[in-house]
Amino acid sequence: MRSDRGREHLAARDERRYVIVGAGAIGGTVGGVLTRAGVPAVLVARGRHAEVLASDGITLQTPDGTYQSAVAAAARPEDVRLDERDVLVFATKTQQLDAALQDWVDRPVHGPSGVVGTAGDRLPAMTATNGVAAEDKALRYFRRVYGVCVWLPAVHLEPGRVIVRSWPVVGQFHIARWPAALRTPEDNELLAALARTWSPAGVLVRTPDDVAPWKYNKLLSNLGNAVGALTADDAGDVVAGVRREGEEILRRAGIEFTSFEVSTAARADGPTIRPVPGSDNGPSNSTWQSLSRQTGNLETDFLNGEIVCIAHRHGLTAPVNAALARAARATVRDGRGPGRYTAAELADLLGVNEVSASRS
């Protein structure tokens, strides 16, 4: 194991500090690589995970070795004294976001002469989550919201440890003000700072004018997460059917999304998934992780359920995605782990070869 104590800074100094709320696969990786690069960051976690981060730091298990870094860690908002240089990065699961937003929105923000306001009024809030619901959730609490389209292959199953499947480029984030029409010179300054400091650390930052089409592209990609969690078989045809219905719903609703051809080309400079020594290198999507850890909740209702919501809003139905979300909820209720179905059983349950989006 390699220790990063005394490691030279790899990134340009940044006057900002990034308070990462949710230090799981995404937040833990981002916090870990920022800390290694000398970028100020605080990782906020819960329970045993928070204890290990505080005592032992974070361990990143990568294709090129295992790295342990001392990190600044906190177990609750009261443990962090916010000031005007802070940026809040929400990296929870979407179903956990409301509670996190409520925990942080009214926290005092300090300036040179004392408290200058609350986090909701004074600090930027970045939503590094799957789906497209987080940004509007955040706008209920925070004035300045930045949507993040996350591509970062990592797994968090043990306290204090994250398996990162690409190295040294761990991920690629597309980030923009939400909604895009509100973008200001102040936003440009923050986005430039993110690209300047995060990219050398290993999180490649892209700053499109509008991140919404990228988020909808990622939503379509994530529609297969529940498939990968519910069956251990090769279920490519099932995933294709789920995504095909999702694309049809978005088109019929008039929602723009970045094509897979464009997103694949954009990812050519990383991340690139490679085997991680000492790990099983199995599935890594967030739904599989939640079932493996028996968290009692999934983000499926904000992925497949988002397609169902859009369909209902436009007088349509999305029976394949609705059935998949229903199967995922039942798996949680039954206390089952990943791999409940064979691919054939899941295809039959969803009827992927028989049903397409139709009008109610």
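In which sense do strand β13 and β14 pair, and over how many bridges? Strand β13 (residues 154-158) and β14 pair in the antiparallel sense, over three bridges. Strands here are DSSP runs of E with at least two residues, helices are DSSP runs of H or I with at least four residues, and both are numbered from the N terminus. Two strands count as paired if DSSP finds at least two bridges between them.

This is a predicted model, in which local features need pLDDT of at least 70 and side-chain atom pairs count only at pLDDT 80 or more, while totals for chains, interfaces and linings use all residues. Residues are numbered from 1 along each chain as its sequence is written, and side-chain values use heavy atoms, with hydrogens and water left out.

**Strands and their partners**

Strands of a sheet pair through backbone hydrogen bonds, in either the parallel or the antiparallel sense.

Strand β2 (residues 17-21) pairs with β3 in the parallel sense, over four bridges. V21 has V44 of β3 as its bridge partner. Along strand β3 (residues 41-44), A41 and L43 point one way and V42 and V44 the other way, and all are buried. Buried means under 20% relative accessible area, exposed means over 50%, and partly exposed is in between, with a 1.4 Å probe and protein chains only.

An open sheet is formed by three strands in the order β7-β9-β10, with mixed pairing. Its edge strands are β7 (82-83) and β10 (114-118), each of which pairs on one side only. β7 and strand β9 (residues 108-111) run parallel and are joined by two bridges. L82 has V109 in β9 as its bridge partner.

**Salt bridges**

A salt bridge is counted when a side-chain nitrogen of Lys or Arg is within 4 Å of a carboxyl oxygen of Asp or Glu. The count by this rule is 18 salt bridges. The table gives some of them.

| Salt bridge | N to O distance |
|---|---|
| D64 and R274 | 3.0 Å |
| R144 and D187 | 3.9 Å |
| D334 and R340 | 2.8 Å |

The side chains of D64 and R274 meet in a salt bridge. D64 lies in the loop between β4 (58-62) and β5 (65-69) and R274 in the loop between α10 (260-266) and α11 (286-293), so the pair ties together parts that are 210 residues apart in sequence. D64 is partly exposed, with a relative accessible area of 33%, and R274 is partly exposed at 30% relative accessibility.

R144 and D187 also meet in a salt bridge. This pair links distant parts of the chain, 43 residues apart: R144 is in the loop between α5 (134-139) and β12 (145-151), and D187 is in helix α6 (residues 185-201). Are these two residues buried or exposed? R144 counts as buried because its relative accessibility is 6%, and D187 counts as buried because its relative accessibility is 0%. R144 and D187 belong to a network of salt bridges that also links R177 and E186.

In the bridge between D334 and R340, D334 is partly exposed, with a relative accessible area of 46%. R340 is partly exposed as well, with 23%.

**Cis peptide bonds**

The peptide bond from W167 to P168 is cis, with omega near 0°. P168 is in the loop between β14 (161-164) and β15 (171-178). Another cis peptide bond joins W178 and P179, with omega about -10°. P179 lies in the loop between β15 and α6.

**A charged patch on the surface**

Which residues gather in a patch of negative charge on the surface? They are D233, D234, D237, E345 and D348. Patches are made of residues with over 30% relative accessible area and no salt bridge, where like charges are joined within 9 Å and nonpolar side chains (Val, Leu, Ile, Met, Phe, Trp, Tyr) within 5 Å. Asp and Glu count as negative and Lys and Arg as positive, while His and the chain ends are not counted. The place of a charge is taken as NZ of Lys, CZ of Arg, CG of Asp or CD of Glu. Accessible areas come from the Shrake-Rupley method with a 1.4 Å probe, and for residues only the protein chains shown count as cover. D348 lies in helix α14 (residues 343-350), and D348 counts as exposed because its relative accessibility is 63%.
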